Amino acid sequence: MKLFGNKNGPAPEAPAVTENAVLNALRGVIDPDLHRDIVELGFIKDLNIHEGTVGFTVELTTPACPVKEKLKSQAHDLVAVIPGVTQVDVHMTAQVRQSMDPWSQRAPVPGVRNIVAVASGKGGVGKSTVAVNLAVALARQGARVGLMDADIYGPSIPMMMGAQDAHVMGDAEGHIMPLEAHGVKMVSIGFILGENAPVVWRGPMVGKAVTQLVRECVWGELDYLIIDLPPGTGDAQLSLAQSVPVSGGVIVTTPQDIALLDATRGLSMFREVKVPVLGIIENMSYFACPHCGEKTNIFSHGGGREAAERMKVPFLGEIPLDVDVRIGGDTGMPIVAAKPGSPQAVAFMELASKVAAAASIAAMDLHVQSEGFIPLNTLVGPRAK
Ligand code: ADP
């Protein structure tokens, strides 16, 4: 093919750009969490080529992807150097994949793609604080999020979300309408129990009530439903994790040895009910002095990471002990919404991205285990038998 003309000859002829050449170039972009290239993963949509102009969409598995911009520029640059390409238009979007119950024992909740259970071995480690900030952080990153307070022993989420005076409403068919705060749809077992209801429930009753609440709530379409489990790893938690189709569990711990021991129990609990563990979060990890910035390890430090390594589960991050985090909880204004640029809020945002990535990986792993690898874009919606 003649590429270059001379002064008197024909105009330079640009080589034709083919779909194959573009896809081959895009195979050079690897998703850092899923460890596969974005073509194999089925992320490339709406590829169109018009002379030298190439346009395509990259559809990620979560809007909470921290490397979205990096992937975009990699994709752009790899295509831009293909001979004949004069312009590249990359559009980034996300479609959260439906996770599946590999044992098909728990029917999916219609419209809800992933259910993430937040657990802790004991109370007071900040499980609800993490659940609330995780939910609001995911919503702020563009995901559709629900939050379910299943902590019968002390439902604190309505207060932490600034909705303690709200009353649960039903629609004409008797379904429960979730409240909405900070961009998150929310329902609490406390709305049904009342604030001072004595909790004499046994495990199976908790499981039943929470399942009912999850299934009868009008969630609409949700990418993530975060469930704040009751603290502990006993009967109530087990039966709950068994009755709701949980796609993954996260365990919140503080760095003390005793809390870490409880975290190990949390891990065994999830394993017993065959729920993949997305990872461990260390809360109250250290205290950063607001005046000089010096870090003090009040409850020692790093135990969460070590425990995660020992138990071979991902370590999802550290949240500092911080007065603004506590104030956010007390005033119904979670820190990720109240002070989005603060280091504590950033820590929660990073945590949310890691949880979203871990949920994508879990969805893919389950699929790989059951059927061999199939591009993720075939996983949207219920799996065809
Ligand atoms: P749990 O759900 O594990 O019982 P909570 O989330 O209710 O724990 O937290 C217990 C108390 O600790 C609350 O007053 C909360 O505001 C506070 N808290 C939780 N995490 C932090 C943190 N990182 N820094 C400061 N206070 C925190």
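Lys-45 is partly exposed, with 23% relative accessible area. In this predicted model, its salt-bridge partner is Glu-59. The closest N and O atoms of the two are 3.6 Å apart. The pair joins distant parts of the chain: Lys-45 sits in strand E1 (residues 44-50) and Glu-59 in strand E2 (residues 53-60), 14 residues apart. Glu-59 is buried, at 12% relative accessible area.

The structure holds eight salt bridges. Another one pairs Asp-228 with Lys-127, and here the closest N and O atoms are 2.9 Å apart. Asp-228 belongs to strand E10 (residues 224-228) and Lys-127 to helix H3 (residues 127-140), so the bridge ties together parts that are 101 residues apart in sequence. Arg-144 is partly exposed, with a relative accessible area of 36%. Asp-223 is buried, at 5%. Elsewhere, salt bridges with shared partners join Lys-45, Glu-59 and Arg-97 into one network.

Now turn to the ligand. Which residues come nearest to it? Of the 16 residues around the ligand, they are Gly-124, Lys-127, Ser-128, Thr-129 and Pro-320. Lys-127 is also the salt-bridge partner of Asp-228. A backbone N or O atom of Ser-128 lies 2.8 Å from a ligand oxygen. Thr-129 uses its side chain: a polar atom there is 2.6 Å from an oxygen atom of the ligand. Pro-320 brings a backbone N or O atom to 2.8 Å from a ligand nitrogen. On its own, the ligand has 560 Å² of accessible area, and the protein covers 81% of that.

Several elements build the shell around the ligand. H3, strand E12 (277-288), strand E14 (315-321) and helix H10 (323-331) each supply at least two of its residues. By type, the shell residues divide into seven nonpolar, six polar and three charged.

Notes:
Residues numbered from 1 in each chain as written. Predicted model: local features only at pLDDT ≥ 70, side-chain atom pairs only at ≥ 80, totals over all residues. Heavy atoms only, no water. Salt bridge = Lys/Arg side-chain N within 4 Å of Asp/Glu carboxyl O. Helix = DSSP H or I, 4+ residues; strand = E, 2+ residues; numbered from the N terminus. Buried < 20%, exposed > 50% of the residue type's maximum accessible area, 1.4 Å probe, protein only. Near = heavy atom within 4 Å. Polar contact = N/O pair within 3.5 Å; in protein donor to acceptor, adjacent residues only side chain to side chain. Areas by Shrake-Rupley, 256 points an atom, 1.4 Å probe, with all protein chains shown as cover. Nonpolar A, V, L, I, M, F, W, Y, C, P; charged D, E, K, R; others polar.
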